[in-house]
2 protein chains.
Amino acid sequence: MRVSREKAAENRETIVEAAGSLFREKGFSGIGVADIMRAAGLTHGGFYGHFKSKDDLAAEASRAVMARSAASWAKTLEEHPDNALELLVERYLSAKMRDDRSHSCIFGSLGADAARQGKPVRKAFAEGLRPLIDVLTVLVPGASKVARRRKALAAMSQLVGAIVLARAVDDADFSDEILAASKAELLRD
Amino acid sequence: MRVSREKAAENRETIVEAAGSLFREKGFSGIGVADIMRAAGLTHGGFYGHFKSKDDLAAEASRAVMARSAASWAKTLEEHPDNALELLVERYLSAKMRDDRSHSCIFGSLGADAARQGKPVRKAFAEGLRPLIDVLTVLVPGASKVARRRKALAAMSQLVGAIVLARAVDDADFSDEILAASKAELLRD
DNA sequence: ATTATCTATAGATCTATAGATAATGC
DNA sequence: ATTATCTATAGATCTATAGATAATGC
């Protein structure tokens, strides 16, 4: 049953990957270790060879998801310096992102849940948020850096809140309207 | 052990009240029926005389919390027509609200969770959101009603996102900065 | 020999129900 | 007689651990 160190490291990554999707889809307390391991193609008992606890995995999976977001935002900024804000906002507030919880921004799907977690998860959320704010600070309009950072924090809040509200309501038109309103306001000036 | 009809109705309200607080504090899947009943001063088994299921309570508790929010916002609008927006934003984005999850806006604490619930809860969230948007539509600046409604939806999103992010991070200064940024931006124009 | 994974299980907790109890309200 | 609540429990699920197994890597 034993596998190579390389394969074990790969398995660990698969667990983190599965957890990143399932936590976002179901919430930290809405999915169990056994289901995550099953999604990763492994058995329940093997989990504790890789992680100290479910909380430990929650922190690591959160970090992994946020690192990917930061890389994606930075890449958009680098590749499309002229219209990066528009691209990010359109992508973030798209119907596709709203409907695909398991692969969307973790602050929308798990931000409120993170507040209920221990220090490691909340530390991961703080450190994971900073690079996104840094990208937005470059992109939003404003005379001074201080003014742009303030605008960036407000814009990030608006993105997160819009996706949360658009998902919470069961009325499709209302949901679309919520996304469209923030899209229009964020790209207005 | 049996109590009067009046007392039973009162007990039901106590359960809904306790659930409204505990769900906001712990999430829909972070608290059990037994704990809610204990908080209400009743025993576990008695629950199913009042509600069909935990989901049933989740929908009813959500409606109750949102009805109270709507009443509070409408009261602020009525009593302070000149500076209601400022009052609402200052209250919503205060450190006190951030730190008191169990009595704060349900969209921030349970919005993401609601997306994972069944139709009744999501219907409650849609119907509960509308009156808050209506109040904001009166308060935000804008030439036309259409423009004001768009601004209101964007403002609500920003409020919800700011409180979610401020709670998710473990860095107190960063958290305060998130709240201050949205406060400043929302009251700028 | 070491160790990554598996099987099996302990012990706690969760939702929901059955049946008993005792006070209300006809 | 009805019914609101209680006690007790069924059955499922959850986190975590113990010990067995078998392939890796010295």
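**Notebook: a two-chain predicted model**

I began with A:Thr43, which is exposed, with a relative accessible area of 60%. My cut-offs: buried is under 20% relative accessible area, exposed is over 50%, and partly exposed is in between (1.4 Å probe, protein chains only). A:Thr43 sits in the loop between helix H2 (33-39) and helix H3 (47-50) of chain A. Helices here are DSSP runs of H or I, at least four residues, numbered from the N terminus. I looked up A:Pro120 too: A:Thr43 is 77 residues from A:Pro120 in sequence and 26 Å away in space, C-alpha to C-alpha.

Ground rules. This is a predicted model: local features need pLDDT of at least 70, side-chain atom pairs count only at pLDDT 80 or more, and totals for chains, interfaces and linings use all residues. Residues are numbered from 1 along each chain as its sequence is written, chains are lettered from A and ligands numbered from 1 in the order in which they are written, and side-chain values use heavy atoms, with hydrogens and water left out.

**Buried sites**

I turned to A:Ser21 in helix H1 (residues 5-26) of chain A. A:Ser21 is buried, at 14% relative accessible area. Beyond its neighbours within four places in sequence, A:Ser21 is in contact (heavy atoms within 4.5 Å) with A:Ser102 and A:His103.

Next, B:Trp73 in helix H4 (residues 54-79) of chain B. B:Trp73 is buried, with a relative accessible area of 6%. Residues up to four places away in sequence aside, B:Trp73 touches B:Leu88, B:Tyr92, B:Leu132, B:Val135, B:Leu136, B:Met156 and B:Leu159.

Then H7(A). Nine of its nine residues are buried, so H7(A) is largely enclosed by the rest of the structure. A:Asp113 is one of the buried residues in H7(A). Its relative accessible area is 6%. The side chain of A:Asp113 meets that of A:Arg116 in a salt bridge (3.1 Å, N to O). The rule for a salt bridge is a side-chain nitrogen of Lys or Arg within 4 Å of a carboxyl oxygen of Asp or Glu. A:Arg116 also counts as buried, at 18% relative accessibility.

**The interface**

I checked how the chains are related.

I looked up the contact count: 52 residues of chain A are in contact with 52 residues of chain B. The buried area, meaning the accessible area (1.4 Å probe) lost on being put together and summed over both, is about 4,100 Å². Carbon and sulfur atoms give 58% of that area.

Which salt bridges cross? The rule finds ten across the interface of chain A and chain B. In one, B:Arg149 pairs with A:Glu177, the closest N and O atoms being 2.6 Å apart. In another, A:Asp171 pairs with B:Arg130 at 2.8 Å. A:Asp171 lies in the loop between H9 and H10 of chain A and B:Arg130 in helix H8 (residues 119-139) of chain B, so the pair joins two chains. A:Asp171 is partly exposed at 25% relative accessibility. I also noted a network of salt bridges linking A:Arg150, A:Lys151, B:Glu185 and B:Arg188.

Conventions
Buried area is the accessible area (1.4 Å probe) that two parts lose on being put together, summed over both.
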